[in-house]
Amino acid sequence: MTPFLKNMAVVARRDFLAIVATPTFLLFLLAPLFMLGMSLVGGLGASQLADSARGAGRIVVVADAGDVAALRSADTRLRDALGGRGPATLDVRIASPKGDDPLVIAQEKGADTYAVMVGPLAAPRIVEREEGSRAGRYLVLLAEEVLRDRAAGAVPPVAPHFESIRSGGTSIAVQQSMGFGAVFAIFLMTLLLAGQTVSSLAEEKGNKVIEILAAAVPLESVFLGKLLGMLGVAVLFIAFWLAMAAGGGLIAATQIDPATLSAAGAGKPVAAMLAVPATGWGFFVGICFVYFIMAFLLLGAVFLGVGAQAGTVREIQMLSLPITIFQVGMFSLSSAAASAPGGPLARFAEIFPFSSPFAMAARAATDDAKAVHLLALGWQLLWVALVIFLSVRMFRAGVLSGKAGWKFWKRRQRA
Amino acid sequence: MRADSASGDQRLTDYCVEARGLTKYFDEFKAVDHVDLEVPVGSIYGVLGPNGAGKTTSLRMTLGIIDPDEGTSRLFGSHKPQSVRHRIGYLPEERGLYPGMKAREAIAFMGALRGLDWGEGRRRAATFMAELGLERVIDEKIRKMSKGMAQMVQLIGSIVHAPDLIVLDEPFSGLDPVNQERLETLVRRERDRGATILFSTHVMAHAERLCDRLAIIARSQRRFEGTVDEARALLPMQVRYAPRTGADDGVIAALLPADAQRRGDAWHFAIDDAGVEPLLARITASGHGVAGLSIARPGLHDAFVHIVRQVDAGFAADAAEEAAAEASA
């Protein structure tokens, strides 16, 4: 272990034990009771998001240019006839000379595609998400309606060739909900845990230990050590509640009569449980945890740096509001990104360092690309280092030099 | 000669600390003005000065805790204080310990910061505490200790890793006489072990007893550098003379130097380079005799006060000159 890491570990160890070995840590551990209320709010948000994503579903027809107007007109008539209860919005595209692959269209990102129809209207090829789906039958009706409209006499029945999508089977809406869930969970954890870093240097400044630390070890290792100490507390907190939840679940499973469970329908698989994030459950859960750590380190580093400049407890208290607003801002940005994966807003949220962990966690739910996460983690780590570096510079130039905390930038006026 | 070959920027040197032209501004105030410090390896070096003279800021710049606005500093020949941190022990002026920590843990923690193994730190903590008669509080939390005890704990923490350079900023303040004596013993013992000790103080008695060399800082600048004897030699010998006869003050004063002052039944004055013999000849010839006579070299305290007063007088004269110039303008 290098001296830098060793120093960091010494500071982290001290901070971790100083927090955990106190009675107030028990109160801290029980704080998640508030989480239940917040979870309800989050659940509502996810539900609304899923609803909105469902509204973004579509059926696609790829037709000759001459058929486009007729298809749209027929769609309007049919929807009127069905009382406005058509399967999803119709997206009519002009066939390209090179040919269109309905499977590719069906798996385009950004919307749920229930069915795609290509080829001649009399004998179309229809690719549908679920075999015998309403969307597929609707496309047959649509083709018949166009042919009937054109023909003078009787029209032979349409002879469709149906195929179902075999891959990418989980609904985009469900995956987006998972993405939002990841964003919300990481936000909630960082809101509860990362904000505390703002006051973590207050102790050293108050009891003057900071000068001993500054003389003994690089300030970068002090800042990083404090951050990692707090992260250790956060991970312990999460592990505690996961263990409690698992234990509670096990106890419940052994206490409840199986017949009662069966009667309540618990034996049936829940649809959401069957859904799979784009990257798979194992990777998704793992990467979400890693992104929580990155979110904690990134936001924690900012709060630590800002808090280090505060001269009094009152200033630290005053900082809690802008810090919460900053976190909510990152949550909002990432939530918006989760509802429109692949869009410019999502790209921005993925690149902007302080929303990147949230947005990338959401991306892991809807995009199966995995290598991009390595890139994102490297980018985020770079920003953690940059924030720590700047925080230390500000601290050395301002607080340690005895200048007014917030006026580290003030130009020196020599006599 | 010492050098650490681990770092490329280090060079052989006879000095543990070499600071050149250290200057620091706090807004408009020039807290330290081109101060030089050269601390020989293995010595006890005192930085003396009145309150606010710039001692602490100079030490902090030397250790790399704050950056100087001008000047350079080398520790063990290295421009990078961080590269030799493990060889340094530091007791800051503002004492700081985690109140919730036990003494043993606090000492081990401070040692661990300088690279000492935790277990070894705890073991050495017990040894040091026993030597200083503090073994009964080794497992007490810092918050339960008296200020003096906590200060001793912090002092042990700053030397527990057996550093080559020990920097103590006002180490004696806040200690009772018994603990001051213990601290002096500890400082000498560390020097005998081979460590270099650099400490600041404004209490001359400690400096006089401990220092091999010293620097006096006043009004942000170094005003003196040398040994204690060299500092004392700045002032002439002081004479106390009591005449045997009850002669008039005017008659006696005529025999003595112009600055002679009567306090009680004795006259006090300094003697010049000519020495005391011509004076004794005059007194003998006058017939006033000698009821009492003592000749003493001034102490460090007197030398310090003399230097500081000279500096203050210079500042007052400059200020008066500036005021007169402004008034005439």
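**Interface of chain B with chain A**

In the predicted model, the side chains of B:Glu94 and A:Lys208 meet in a salt bridge, with an N to O distance of 3.5 Å. The rule finds three salt bridges across the interface of chain B and chain A. Polar contacts across this interface comprise nine residue pairs, both members of each being at pLDDT 80 or more. Three elements of chain B, namely strand E1 (15-26), helix H2 (103-113) and helix H3 (118-131), each supply at least two residues of the side that touches chain A. Of the elements of chain B, H2(B) gives the most to this side, with four residues. Classified by residue type, the side of chain B that touches chain A has 15 nonpolar, five polar and twelve charged residues.

In terms of extent, 32 residues of chain B are in contact with 27 residues of chain A. The area buried between the two chains is about 2,900 Å², and carbon and sulfur atoms give 53% of this area. B:Arg85, B:Tyr98 and B:Leu113 supply 24% of the area that chain B buries against chain A, more than any other three residues.

Chain B itself contains ten helices and 13 strands. Its C-alpha atoms fill a box of roughly 75 × 55 × 40 Å along the principal axes. Of the 329 residues of chain B, 50% count as buried. Among the contacts in chain B with a separation of 6 or more, 70% are accounted for by residues 24 or more positions apart.

How values were computed. Residues are numbered from 1 along each chain as its sequence is written. Chains are lettered from A and ligands numbered from 1 in the order in which they are written. Side-chain values use heavy atoms; hydrogens and water are left out. Contact means heavy atoms within 4.5 Å. Buried area is the accessible area (1.4 Å probe) that two parts lose on being put together, summed over both. A salt bridge is a side-chain nitrogen of Lys or Arg within 4 Å of a carboxyl oxygen of Asp or Glu. A polar contact is a pair of N or O atoms within 3.5 Å; within protein, one must be able to donate a hydrogen and the other to accept it, and residues adjacent in sequence count only if both atoms are side-chain atoms. Ala, Val, Leu, Ile, Met, Phe, Trp, Tyr, Cys and Pro count as nonpolar, Asp, Glu, Lys and Arg as charged, and the others, Gly among them, as polar. Buried means under 20% relative accessible area, exposed over 50%, partly exposed in between (1.4 Å probe, protein chains only).
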